[in-house]
Amino acid sequence: MHQFDCNTHATRRTFLAAGGLGWLGTALARSAEVEKAPAKSVIILWMAGGPSQLETFDPKPGTNIAGGSLALDTSVKGVQLAAGFEQLRDQMEHVALVRSVTSLEGDHERGTYTLKTGNRPDPTVNFPSLGAIACHDLPAGNTEIPRHVSILPGPWPARGGVLGAEYDAFKMYDPADPVPDVKANVPAERFADRLKDLDVVEGAFAQGRGGRVGNTGHRDTMERARRMMSSDQLKAFDVSKEPAAVRKEYGDTPFGRGCLAARRLLDVGVRCVEVTLDGWDTHAKNHELCAKNVAVLDPAFAALVRDLKKRDTLKDTVVLCVGEFGRTPVVNPVGGRDHWPHNFAVAIAGGGVRGGIVVGESDPEGRKKPKDPVPVADLHATVLKALGINWERTLRGPVGRTFRLSTGSPVQALLG
């Protein structure tokens, strides 16, 4: 006879087994183990500049390396966040922390490329970003606007790489402003005449050039641009359509509005939205600058998780909060922390990721390698698996070289 612990959640499998239903019970119990449906989209909260793990997701209060930074208890017993995360602390049952991410790139541009593509820069292959892969591999549906969007982009936005420029992220700035370059500069009638004239010119140019003109993708790009300019789906960028109370939850900041727009964009089939919060390059005044950024990140991140959960779409959406590297355990003479790719922390929620857990452990003194290290490639493989994408699939680059979507392995502890 199976014994049930009243403090333990009973699964359908244990319930049926306890009921002694024989082969029928076994068959029904096994059906409960069918894999959950994969996530449909990903939101990347990009912390540009490299956030300090000690002032965000891996605080070490009372240690030498904390430099006086404090921590908060969260809704998950034993899991702390840095001081300032007053709202995210209540959502930790939905959020996993990885405190042992490792990279070999301590330069901003190279580090950004590595974290966005899962690969170090290589002169022979222009690797696609995570968002580009998601848009390439996941169904397009009836989306008339770009399915890969970068809000408040920095100097190195996510690119399509070998998958093609059509998978580059569409750049959008503060959602309080109109979407750029989607309104014609002339009356509708004159604009239609111009398009007719363009068709004549392009038709004449294509004569005698065989498939070369078609291979440029110019016609397809123009057609997609026309559809976007007249699409009602552009309203997804307009966060003013949301109730004032909802806008307030995300915070009256460009980043907060970007996170709200990201949630709206998923509703019309956008597959990846990257929202950038800049200002984490804290070589001086680290504690002060981190506190300022956390005050922006906390309400937006917490509201996004809370909103997706309330709408029952958190299970369909991977939310990844990450920067290009972490910060040194030692505070420098001007109160800053310098580049530190050897061990940093990220937060991940939704899309089947187990919330309320911590993966990996950093050294309280900052001297030793982390326990259970998670290379960047493994982080990418985890997100791809959560999206139902075969991370081991092989692609061929323009010079004939083959490469895998990810050279890493999914972190099973995150996916359960």
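Modeller: Helices here are DSSP runs of H or I with at least four residues, and strands are runs of E with at least two, both numbered from the N terminus. On that basis the protein, which is a predicted model, contains 12 helices and 15 strands. Of its 416 residues, 49% are buried. Among contacts with a separation of 6 or more, 69% join residues 24 or more positions apart. The accessible surface amounts to about 20700 Å², and carbon and sulfur atoms contribute 54% of that area.

The pair to examine is H9 and H10. Two packed helices are described by the angle between their axes and the distance between the axes. Helix H9 spans residues 254-266 and helix H10 residues 286-310; their axes lie 9 Å apart and form an angle of about 15°. Because angles under 35 degrees count as roughly parallel, H9 is roughly parallel to H10. The crossing of the two helices is right-handed.

On the H9 side, the residues in this contact are Phe255, Gly256, Cys259, Leu260 and Arg263. They meet Val296, Leu297, Ala300, Leu304, Asp307 and Leu308 of H10. Sorted by class, the contact between H9 and H10 comprises 8 nonpolar, 1 polar and 2 charged residues.

Asp312 is not a glycine, yet its phi is positive, at about 60°. Another aspartate with a positive phi, near 50°, is Asp372. Asp372 sits in the loop between strand S12 (358-359) and strand S13 (374-375). With a relative accessible area of 57%, Asp372 is exposed, the cut-off for that term being over 50%.

The buried residues are Val376, Ala377, Asp378, Leu379, His380, Ala381, Thr382, Val383, Leu384 and Ala386. Following H11 comes Gly388, with a positive phi near 75°.

How values were computed:
Residues numbered from 1 in each chain as written. Predicted model: local features only at pLDDT ≥ 70, side-chain atom pairs only at ≥ 80, totals over all residues. Heavy atoms only, no water. Buried < 20%, exposed > 50% of the residue type's maximum accessible area, 1.4 Å probe, protein only. Contact = heavy atoms within 4.5 Å. Areas by Shrake-Rupley, 256 points an atom, 1.4 Å probe, with all protein chains shown as cover. Axes fitted to C-alpha atoms, helices over the stretch in contact; angles between N-to-C directions. Parallel < 35°, antiparallel > 145°, perpendicular 65-115°, else oblique. Left-handed = near helix turned anticlockwise from the far one by under 90°. Nonpolar A, V, L, I, M, F, W, Y, C, P; charged D, E, K, R; others polar.
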